[in-house]
Amino acid sequence: GIKGSITSEIGRLYNIERLRLNHNSFVEQVPTELGNLVNLQLLHLNGNRLSNSIPNVIMNLPNDYSFISDCGRPSDRDEESTVLCEECTMCCNVDGNCNPTKETPVKAKFQSYLFFGLAFLAMVFFACLVLALTVLAHGRYKNQNL
């Protein structure tokens, strides 16, 4: 992996849409110049040794952005130097487990599809139940009239 700090010159990549700098050996803080990347939709910084807090570099990003960093627990750092990332969509911990921190459109869409799927299955179940009860009642009525 790449070692050192993330250069502030990265802010000149104005048209870049995806930036994956994860699983390297970057140290220090994320340069605020990342805020210049107005077309950025995906930023992955997890798996590095970035310090303290990640600046609010994604103020200009669209609603469906992906911003992943090391900010979960357990951390491989002491409690005082744990990375803080309020704008991250996902935080990863030292064990490599990543968890969503806020609802993204993808997560919201999945949840609405999950709800729709469960509601559809419930409707099918109840329709089958009503049909079975109707057939059972019709069979009993038919046998009584014989």
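In which helix is Met123 found? Met123 lies in helix 1, which covers residues 105-144, where helices (H or I, at least four residues) and strands (E, at least two) are DSSP runs numbered from the N terminus. The model is predicted, so that local features need pLDDT of at least 70 and side-chain atom pairs count only at pLDDT 80 or more, while totals for chains, interfaces and linings use all residues. Residues are numbered from 1 along each chain as its sequence is written, and side-chain values use heavy atoms, with hydrogens and water left out.

The chain holds one helix and eight strands, arranged from the N terminus as β-β-β-β-β-β-β-β-α. Three strands form an open sheet in the order 1-3-5 with parallel pairing, two strands being paired if DSSP finds at least two bridges between them.

Strand 3 (residues 25-28) and strand 5 pair in the parallel sense over two bridges, and Leu50 in strand 5 is the bridge partner of Glu28.

Met123 is exposed, with a relative accessible area of 54%; exposed means over 50%, buried under 20% and partly exposed in between (1.4 Å probe, protein chains only). Of the 146 residues of the chain, 29% count as buried. The chain exposes about 10000 Å², of which carbon and sulfur atoms supply 57%, with areas from the Shrake-Rupley method with a 1.4 Å probe.
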